[in-house]
Structures are given as structure tokens and as C-alpha cells.
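I opened this notebook to keep track of what I looked up in one structure. The entries follow the order in which I went through the side chains.

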Amino acid sequence: MRLTAVAVTHAKPKEKPYKLTDGRGLYLLVTPKGQRYWRFNYRFGGKAKTLAFGVYPDVTLADAREKRDTARRIIAAGEDPTAKKKPEPERAIIFWHGEF
């Protein structure tokens with residue numbers, strides 16, 4: 001069953017962390033301190049992985065669904081969305097002012 005914005009807003013902390021699922025791998029993790037984190041579970045290369053989308057209310061339910069759909073498109077294209085999220089290392093530019 002899909003989440004609603006009201007259910008996300010009214011998610012209360014419990015003694016242990018728990019998940020409110022939205023479907024297709026997206027869920028809201030609610031911690032005992034009351035923090036709410038968007039997570040996306042998927043499989044790539046035979047391994048189970050989790051991708052973090054951000055903290056509610058900074059990332060809304062609609063934003064999290066959009067990020068999930070984008071990640072699913074990346075997976076369908078044969079790429080790992082975690083690798084897409086990481087920035088590429090900067091290439092060093094070396095200036096040589098001498099002779100070999």
C-alpha cells in the first residue's frame with residue numbers, strides 16, 4: 001500500500017526503528033529519536049543495496065518517489081545508481097616548467 005503525505009507527517013517514534021513502505025523499494029525509516037529518512041532498496045550485480053535519498057521534511061514524499069523512479073531507470077539501463085551518485089575524482093593537471 002502506498003504511503004500518504006499525512007502518514008509520513010504523523011509517523012511517530014517507537015522503541016525500535018521501523019519502516020513505512022511505499023512500494024517498489026522505497027521506504028521511510030523512522031528512528032526512536034523521531035528522525036525520518038528516505039531509503040531505497042534494490043539489487044544490482046546480485047547484491048542487495050540501499051540508497052539514501054535524504055531526510056523528511058527536506059525531501060518530500062513526491063521528491064522521494066521521483067528519486068526512486070530515476071534510480072530504477074538507471075538500474076534498467078544496466079548501471080548502479082550508487083556509482084552515479086558519487087562524484088568522479090578530479091583529474092590532476094600538471095604543469096611542467098622544466099626539461100626531462
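**Entry 1: ground rules**

I am working with a predicted model, in which local features need pLDDT of at least 70, side-chain atom pairs count only at pLDDT 80 or more, and totals for chains, interfaces and linings use all residues. Residues are numbered from 1 along each chain as its sequence is written, and side-chain values use heavy atoms, with hydrogens and water left out.

**Entry 2: aromatic rings**

I looked for ring pairs and found two in the structure. The rings of Phe40 and Tyr42 have centres 5.6 Å apart and planes at 15°, so I noted this pair as stacked. Phe40 also pairs with Phe53, again stacked, at 5.9 Å centre to centre and 15° between the planes. This second pair joins distant parts of the chain, since Phe40 is in strand S3 (residues 36-44) and Phe53 in strand S4 (residues 47-55), 13 residues apart. For the terms: rings of Phe, Tyr and Trp (its six-membered ring) pair if their centres lie within 6.5 Å, and planes under 30 degrees apart count as stacked, over 60 as edge-to-face and the rest as tilted. Strands (E, at least two residues) and helices (H or I, at least four) are DSSP runs, numbered from the N terminus.

Which residues do the ring pairs link into a cluster? They are Phe40, Tyr42 and Phe53.

**Entry 3: burial of the rings and the core**

I checked accessibility next, where buried means under 20% relative accessible area, exposed over 50%, and partly exposed in between (1.4 Å probe, protein chains only). Phe40 counts as buried because its relative accessibility is 1%. Phe53 is buried at 9%, and Tyr42 is buried too.

How many residues does the largest nonpolar core have? I noted 17, and those with the most contacts inside it are Leu3, Val8, Leu28, Trp38, Phe40, Leu51 and Phe53. Strand S2 (26-30), S3, S4 and H2 each give two or more residues to this core. A nonpolar core here is a set of buried Ala, Val, Leu, Ile, Met, Phe, Trp, Tyr and Cys residues joined through side-chain atoms within 4.5 Å. In soluble globular proteins, nonpolar side chains tend to be buried together.

I then listed the contacts (heavy atoms within 4.5 Å) of Phe40. Leaving aside neighbours within four places in sequence, its partners include Leu26, Leu51, Phe53, Arg68, Ala71 and Ile75.

**Entry 4: charges over rings**

I found Lys14 over the face of Tyr18, at 4.4 Å from the ring centre. The charged end of Lys19 sits over the ring of Tyr27, 4.7 Å from its centre. The test is that NZ of Lys or CZ of Arg is within 6 Å of the ring centre and within 35 degrees of the ring normal.

**Entry 5: salt bridges**

Searching the whole structure, I found five salt bridges, each a side-chain nitrogen of Lys or Arg within 4 Å of a carboxyl oxygen of Asp or Glu. Asp22 and Arg65 meet in one of them at 2.8 Å, N to O. That pair links distant parts of the chain, with Asp22 in strand S1 (residues 18-23) and Arg65 in helix H2, 43 residues apart. Asp22 is buried at 4% relative accessibility, and Arg65 is buried at 18%.

Asp69 bridges to Arg24, with the closest N and O atoms 3.8 Å apart. Here Asp69 is in helix H2 and Arg24 in the loop between S1 and S2, 45 residues apart. Asp69 also forms a salt bridge with Arg68, at 3.2 Å between the closest N and O atoms. Is Asp69 buried or partly exposed? Asp69 is partly exposed, because its relative accessible area is 26%.

I recorded Asp22, Arg24, Arg65, Arg68 and Asp69 as linked in a network of salt bridges.

**Entry 6: Arg68**

Arg68 is in helix H2 (residues 61-76) and counts as buried at 6% relative accessibility. Its side chain reaches the backbone oxygen of Gly23 at 3.0 Å. Not counting residues up to four places away in sequence, Arg68 touches Asp22, Gly23, Arg24, Leu26, Phe40 and Phe53.

**Entry 7: Arg39**

I ended with Arg39, in strand S3, which counts as buried at 19% relative accessibility. Its C-alpha atom is separated by 6.2 Å from that of Leu28, eleven residues apart along the chain.

Notes:
Polar contact = N/O pair within 3.5 Å; in protein donor to acceptor, adjacent residues only side chain to side chain.
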